[in-house]
Amino acid sequence: MEFYSHWCPACKAFQPTYKEIAMHLKTIMDEEDVAWGGIGVPPQSASRPVRVAVARVDCPENTALCDTFRIHKYPTLYLDRPLAFGSLAADSQTKVEVDVKPRTKDKVLKRVGEIVGRSVEEAILPEGYIQRSSNGSDGSSRQDTVPQDTSLRPPSPPGDVAWPSTDCDVKGDVTIATIEMFEYLKSKTVLGTFAARKALMDWLGLLETSHLVEECAAGAGEALRVLEASWPVTSEQILDLDALKQVKICGKEQKRPYVSCAGSTPETRGYTCGLWMLFHSLSVRMPMVSEGGNDGKRWMEVLEGYIKHFFQCSDCAEHFLQELQGSDARMVSTKRDAVLWLWKTHNRVNERLVREDASGTNPQDPVYKHVQWPLEGVCGTCYESTGGWNEEGVLKFLSAHYYGLSDQATNGAGETGKVTAAPPKASITWPRVFVIVAFVFLAVYHGLKSNSVQYGPIAGRRAYRSTKGR
């Protein structure tokens with residue numbers, strides 16, 4: 001049984017292989033059924049081979065089922081008796097995870113054979129049995145047509161698909177990704193440890209203070225309050241998951257097709273593209289608690305907590321955590337550092353996906369290829385005259401593009417290459433100066449009276465909240 005997710009890149013890459021495995025096993029099992037007397041007929045001898053059937057479950061569409069089997073990463077392959085799956089026996093003593101890397105047909109079949117105690121690479125036929133082809137002649141070149149397994153086909157495209165256009169809808173796509181992200185983490189298995197509570201508290205705190213869509217920021221704040229009430233610090237597990245499920249993370253906003261992140265086929269791009277947009281927007285909008293402080297480092301810690309606990313594509317999370325543990329990630333301190341690190345990491349991921357696409361190990365969208373972004377046609381100031389990157393130009397572009405000003409910054413086709421500056425600051429008048437000085441005096445006075453607040457699972461959120469609106 002494969003437990004997967006329709007959005008998971010690792011699952012999409014594995015799907016053709018899993019289909020090959022399913023068709024291979026069906027073929028040899030059909031041959032053995034004929035040779036040994038038909039399906040359901042008791043074995044005539046102890047040597048009759050074990051049957052191996054194949055199925056798969058889309059976990060986001062079957063949350064309760066996947067929670068029953070405690071699925072926390074995709075794809076997950078389990079081998080067990082049909083009765084155990086049918087009776088939802090998650091604690092079956094005979095259940096074994098088929099965890100091999102890389103997930104090739106030969107490796108999976110070999111591991112399955114080791115578990116069941118027989119080779120599954122070819123049919124096991126009774127001694128003296130003569131295999132016949134479909135036309136009745138003797139020989140091993142059987143020509144029977146194997147029925148197609150429709151459960152392994154990709155879902156049909158919806159009738160109302162929005163394909164990429166010249167519009168660059170950062171806010172819209174980030175909103176959709178936020179709604180989906182919140183849906184996918186509301187699982188007993190995903191929220192199964194106290195460490196996940198801290199990671200979610202920090203993540204929601206960051207969304208509340210840094211999300212570019214006001215409705216989503218407000219929804220994150222509501223989710224934070226519900227989480228505190230339904231999962232007290234004295235409990236190892238969440239007590240009221242249903243209360244968290246009732247939260248509408250982006251208010252009245254509903255899921256709709258992606259625009260900038262739409263693929264040329266229903267199986268490409270989409271959610272993971274939107275998630276990258278969300279990360280970038282959070283980086284440029286992170287509050288600066290102190291000038292030149294460790295805001296970037298703290299932001300990286302919150303991002304790492306999200307990836308570790310809630311990004312369920314196993315291969316994707318593994319790659320991302322490797323990046324977060326790299327030497328350049330450890331050098332991140334300021335907000336500027338974090339914004340540029342995420343941009344460089346995204347481009348490194350694009351380079352790897354181009355190689356995997358070329359090798360056929362992980363096919364990507366056939367039309368919208370991964371590139372080093374932004375292209376020169378989109379941001380001319382992002383490049384030096386020698387052809388290298390101008391990081392200050394990149395920083396200005398990212399800040400404008402992901403701060404919610406993308407409609408003025410550039411169109412989706414990248415025809416202008418211009419970046420609109422931030423709105424001009426209001427002029428300073430003497431009454432305003434007086435108000436500012438008075439405010440600073442009061443802030444310092446109260447600050448000296450109170451204890452300093454350090455980042456922590458809840459204190460970090462307070463620090464983020466205290467700077468909302470900067």
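Colleague: Let me start with one side chain: with which side chain does the side chain of His6 make a polar contact?

Modeller: Please keep in mind that this is a predicted model. In it, the side chain of His6 makes a polar contact with the side chain of Asp58, at 2.9 Å.

Colleague: Where does His6 lie?

Modeller: His6 is found in the loop between β1, which covers residues 2-4, and α1, which covers residues 9-36.

Colleague: And what does His6 touch, leaving aside residues up to four places away in sequence?

Modeller: With those left out, His6 touches Lys12, Asp58, Pro60, Glu61 and Tyr184. Taking Glu61 from that list, His6 and Glu61 are 55 residues apart in sequence, while their C-alpha atoms are 9.0 Å apart in space.

Colleague: Changing topic, how many salt bridges does the structure hold?

Modeller: There are 18 salt bridges in the structure. As background, side chains of opposite charge can pair when their charged atoms come close. One of the salt bridges here is between the side chains of Glu318 and Lys101, with a distance of 3.6 Å from N to O.

Colleague: Which parts does the pair of Glu318 and Lys101 tie together?

Modeller: Glu318 lies in helix α11, residues 314-324, whereas Lys101 lies in the loop between β4 (96-97) and α4 (105-116), so this pair ties together parts that are 217 residues apart in sequence.

Colleague: How accessible are the two partners, Glu318 and Lys101?

Modeller: Glu318 has a relative accessible area of 39% and is partly exposed, and Lys101, at 44% relative accessibility, also counts as partly exposed.

Colleague: Which residues are linked with Lys101 and Glu318 in a network of salt bridges?

Modeller: The network of salt bridges links Lys101 and Glu318 with Arg103 and Asp315.

Colleague: Which residue does Glu323 meet in a salt bridge?

Modeller: The side chain of Glu323 meets the side chain of Arg348 in a salt bridge, at 2.9 Å from N to O. Arg348 lies in helix α13, residues 335-359, and Glu323 lies in helix α11, so the pair ties together parts that are 25 residues apart in sequence.

Colleague: Are Arg348 and Glu323 buried or exposed?

Modeller: Arg348 is partly exposed, with a relative accessible area of 29%, whereas Glu323 counts as buried at 19% relative accessibility. The cut-off matters for Glu323, because buried means under 20% relative accessible area.

Colleague: Which residue forms a salt bridge with Arg352?

Modeller: Arg352 forms a salt bridge with Glu356, and the closest N and O atoms of the pair are 3.2 Å apart. Both residues belong to helix α13, and because Arg352 and Glu356 are four residues apart there, about one helical turn separates them. Glu356 is buried, with a relative accessible area of 18%.

Colleague: Now the cysteines, please: how many disulfides does the count come to?

Modeller: The count comes to five disulfides, and a disulfide is a covalent bond between the sulfur atoms of two cysteines. With the bonded cysteines counted along the chain, the disulfides follow the pattern 1-2, 3-4, 5-6, 7-8, 9-10.

Colleague: What can you tell me about the disulfide of Cys216 and Cys250?

Modeller: The sulfur atoms of Cys216 and Cys250 are 2.0 Å apart, and the torsion about their S-S bond is about 110 degrees, so this disulfide is right-handed. The pair links distant parts of the chain, 34 residues apart, with Cys216 in helix α7 (residues 214-230) and Cys250 in the loop between α8 (241-245) and α9 (271-284). Both Cys216 and Cys250 are buried.

Colleague: Which cysteine is joined to Cys313, and which one to Cys379?

Modeller: Cys313 forms a disulfide with Cys316, their sulfur atoms 2.3 Å apart, and both of these cysteines are buried. Cys379 is joined to Cys382 by a disulfide with an S to S distance of 2.1 Å.

Colleague: What are the torsions about those S-S bonds, for Cys313 and Cys316 and for Cys379 and Cys382?

Modeller: For Cys313 and Cys316 the torsion is about 55 degrees, so the disulfide is right-handed, and the link of Cys379 and Cys382, with 85 degrees about the S-S bond, is right-handed. Cys379 counts as buried at 0% relative accessibility, and Cys382 is buried with a relative accessible area of 0%.

Notes
Residues are numbered from 1 along each chain as its sequence is written. This is a predicted model: local features need pLDDT of at least 70, side-chain atom pairs count only at pLDDT 80 or more; totals for chains, interfaces and linings use all residues. Side-chain values use heavy atoms; hydrogens and water are left out. A salt bridge is a side-chain nitrogen of Lys or Arg within 4 Å of a carboxyl oxygen of Asp or Glu. Helices (H or I, at least four residues) and strands (E, at least two) are DSSP runs, numbered from the N terminus. Buried means under 20% relative accessible area, exposed over 50%, partly exposed in between (1.4 Å probe, protein chains only). Contact means heavy atoms within 4.5 Å. A polar contact is a pair of N or O atoms within 3.5 Å; within protein, one must be able to donate a hydrogen and the other to accept it, and residues adjacent in sequence count only if both atoms are side-chain atoms. A disulfide is a pair of cysteine sulfur atoms within 2.5 Å.
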